[in-house]
Amino acid sequence: MKVAEFFKKNNFHKEVDTKSLLKEFDSQMSSGLDGNIKSLKMIPAYLDIEKPVPSDTPVIVLDAGGTNLRVAVIWFDKSGKPRIEDFNKYPMPGTTGVEMGYDEFFDKLAEYIEPVSKRAGNIGFCFSYATEITPTLDGKLLHWTKQVAAPEVEGKMIGTGIAEALKKRNGIVLDVRILNDTVATLLAGKSAGMSRRYSSYIGFILGTGTNIAYIESNKNIGKVSGLPHDRSMVINVESGNFDGAPQSDIDKRMDAATRDPGVGTFEKMISGGYMGGLGLAVLQSAAEEGHFSKTAAESFLTWNDLSTKDFDDFVANPFITGSQFDQVELNDADRRIIMELGETVFCRAAGLVAANVSAAVLRSGAGRDKLHPVCINIDGSTYYKTRSVFFKSRVEQGLREILGGRGVHFETISVDDAPMVGAAVAGLIA
Ligand code: BGC
């Protein structure tokens, strides 16, 4: 009861209003496609997913996600199975605590690509940030998310930056094709799900950040002229920036402490890059309002950060050891309150995720015939690893209620290394 009152006072709602979220998503998706962007950028990917993927042809793949940058060479065998070689993982430039300039950023990328630069002529680059794609698949970074510190790169062409840095470094000329990770995940779902006749495909990510891609009829993409009206195209929604989910006072407190207040406010309610920070803001507000023992309250108020993993692990098991919570002296009443607070935060996130995925599925207009469901390929550690509130199963339950209730057939799948596999597909078909 105490907890319910605390959330009410701070305008934080555990139950999400699915109906109004779906309506707002749909209306903002339409206006974004018409070029009248509210909070959803609706970025065309310029990829035709019907093109066949050549086999036995290697392509260099880059995957810049949250904290890691992965490099590999991929080729598909005759049965369409991806073969991953020369895999390497590096820290994502700009996430190591040091701010990076333009030259430094691209030179670092070129340094990571150099060892595999002679293995193929193309690079498929899964670049997981809000990026406007050109018809030739270069991409202009609109703005960073996930707290990357490389401000000079904003507004610049990513493919051109890499190609120039590589040329300067070792004289090698490579063709770089940029795509979003949700687009890559959608493509990976398609290449893995050939035997099932799906009516459409969705790529959804819930990791450090969040976002969704789906397939739209060209005739509905009003902001691009000259597209053949009988075809369709993958659209990157950039749903992490959705502003239609009401921010509570606590969300605002957490958002104010980020590098980019006001940007990605939906992402800051549901994704792994922020759930720990949001949890900390909840604990600190509750401490200030007298919901913990004196010693616990005092400790929480000295904390500067809390990882999503530690927060989730504790909410799932309030007697766990080896986390930041070891530093606090807690009684059982404190533990109970932390659990209730955390469960509310994760339940709201699950509800928002279900509404977000459903909005894209409904928008696709597909899945009306049970022979041909919509394939929802989901990637991201936050979706699969969150232990509290039966997170994944809670999202699936939400999808069954929202989509099943509207007569829409769907299937959720996961594909190993989806962003890299999808980037390889794009590198080969474009
Ligand atoms: C980025 C998206 C990306 C998503 C998932 C967000 O922060 O803006 O482009 O798809 O994270 O990685």
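Trainee: How many salt bridges does the rule find across the interface of domain 1 and domain 2?

Mentor: This is a predicted model; local features need pLDDT of at least 70, side-chain atom pairs count only at pLDDT 80 or more, and totals for chains, interfaces and linings use all residues. Residues are numbered from 1 along each chain as its sequence is written, and side-chain values use heavy atoms, without hydrogens and water. A salt bridge needs a side-chain nitrogen of Lys or Arg within 4 Å of a carboxyl oxygen of Asp or Glu. Across this interface the rule finds one.

Trainee: Which residue forms a salt bridge with Glu-99?

Mentor: Look for the closest N and O atoms, which are 3.8 Å apart. The partner of Glu-99 is Arg-259.

Trainee: What area do domain 1 and domain 2 bury between them?

Mentor: An automatic or database assignment sets the bounds: domain 1 is 1-45 + 194-415, and domain 2 is 59-179. Buried area is the accessible area (1.4 Å probe) that two parts lose on being put together, summed over both. Carbon and sulfur atoms carry 54% of it. The total is about 1,100 Å².

Trainee: Which residue has a side-chain N or O atom 2.5 Å from an oxygen atom of the ligand?

Mentor: A polar contact is a pair of N or O atoms within 3.5 Å; within protein, one must be able to donate a hydrogen and the other to accept it, and residues adjacent in sequence count only if both atoms are side-chain atoms. For Asn-211 the distance to a ligand oxygen is 3.0 Å. For Glu-267 it is 2.8 Å. The residue at 2.5 Å is Asp-181.
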